[in-house]
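Please look through the structure shown below before reading the numbered remarks. They are intended for a reader new to protein models.

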Amino acid sequence: MFNQYPIGKFTMKENIQKDDIQAWISDIGAAPKQLVDAVEGLTKEQLATPYREGGWKLSQVVHHLADSHVNSYIRFKVGLTEQEPIIKPYDEVAWATLADNDLPIEVSLQLFSALHERLHKLLCSLNERDLKRVVQHPENGQLTIEQLIATYAWHGKHHIAHITTLRNQKGW
């Protein structure tokens, strides 16, 4: 049985330290190469394999990471430039069924890489005041920028682990 949470469920650390933030920003910066490495050499048939029963195909996971992190980038930018903005949730399951998910994964790999280059640069520039800025999520409540950093660092590692865990299980 495949674990839906191969790196464990996300839990928000209560007492976030500067070292935590630096590690998470480093994780975000490293995610594009890790994703490329995770899918390297996979065939179309392998990319069409769900990572677990009832789960997305590996190709959908790649496209989802690009979609989700595009949203994260906008959330960070809005959170840094507006006063306690309400950030918009989106239906990730519906997004995963749209026609652009039929594109080759290379399109989303390029988007993810370029996006993370900008995101990493932005996150590295933040000061303590920036990290404490707040956004309002309609479903998850009030979140600080540092909490968003933690969330998206985990999110990238979580989905990359879906791919690498399946590869290891299948011997690909």
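The points below take up the nonpolar cores, a surface patch and the salt bridges of this predicted model.

1. The largest nonpolar core contains 23 residues. Within this core, the residues with the most contacts are Phe 76, Leu 123 and Ile 149. At least two residues of the core are supplied by each of helix H1 (18-39), helix H3 (58-81), helix H5 (105-124) and helix H7 (145-170). Helix H7 provides the largest share, with 6 residues.

2. Ile 149 deserves a look of its own. When its neighbours within four places in sequence are set aside, Ile 149 is in contact with Ile 21, Trp 24, Ile 25, Ile 28, Phe 76, Leu 123, Leu 126 and Leu 131. Another core, of 19 residues, lies apart from the largest one; Leu 42, Trp 56, Val 62 and Leu 109 are among its members.

3. Val 70, Ile 74 and Leu 111 make a nonpolar surface patch of about 230 Å². Val 70, which belongs to helix H3, has a relative accessible area of 31% and is therefore partly exposed.

4. The model contains 5 salt bridges. As background, side chains that carry opposite charges can pair when their charged atoms come close. One of the bridges joins Asp 20 to Lys 13, with the closest N and O atoms 2.8 Å apart. Its two partners may be compared by accessibility: Asp 20 is buried, at 16% relative accessible area, whereas Lys 13 is partly exposed, at 38%.

5. A further salt bridge links Asp 37 with Lys 33, and here the closest N and O atoms are 2.8 Å apart. Asp 37 and Lys 33 are 4 residues apart in helix H1, so about one helical turn separates them. Asp 37 is partly exposed, with a relative accessible area of 38%, while Lys 33 counts as exposed, at 56%.

6. Which side chains meet in a salt bridge at 2.7 Å, N to O? They are those of Lys 132 and Glu 146. Lys 132 lies in the loop between helix H6 (128-131) and strand S1 (134-137), and Glu 146 lies in helix H7, so this pair ties together parts that are 14 residues apart in sequence. Glu 146 is buried, with a relative accessible area of 6%, but Lys 132 is partly exposed, at 41%. Together with Glu 128, Lys 132 and Glu 146 are linked in a network of salt bridges.

Key
Residues numbered from 1 in each chain as written. Predicted model: local features only at pLDDT ≥ 70, side-chain atom pairs only at ≥ 80, totals over all residues. Heavy atoms only, no water. Core = buried A, V, L, I, M, F, W, Y, C linked by side-chain atoms within 4.5 Å. Buried < 20%, exposed > 50% of the residue type's maximum accessible area, 1.4 Å probe, protein only. Contact = heavy atoms within 4.5 Å. Patch = residues over 30% accessible without salt bridge, like charges linked within 9 Å, V, L, I, M, F, W, Y side chains within 5 Å. Areas by Shrake-Rupley, 256 points an atom, 1.4 Å probe, with all protein chains shown as cover. Salt bridge = Lys/Arg side-chain N within 4 Å of Asp/Glu carboxyl O.
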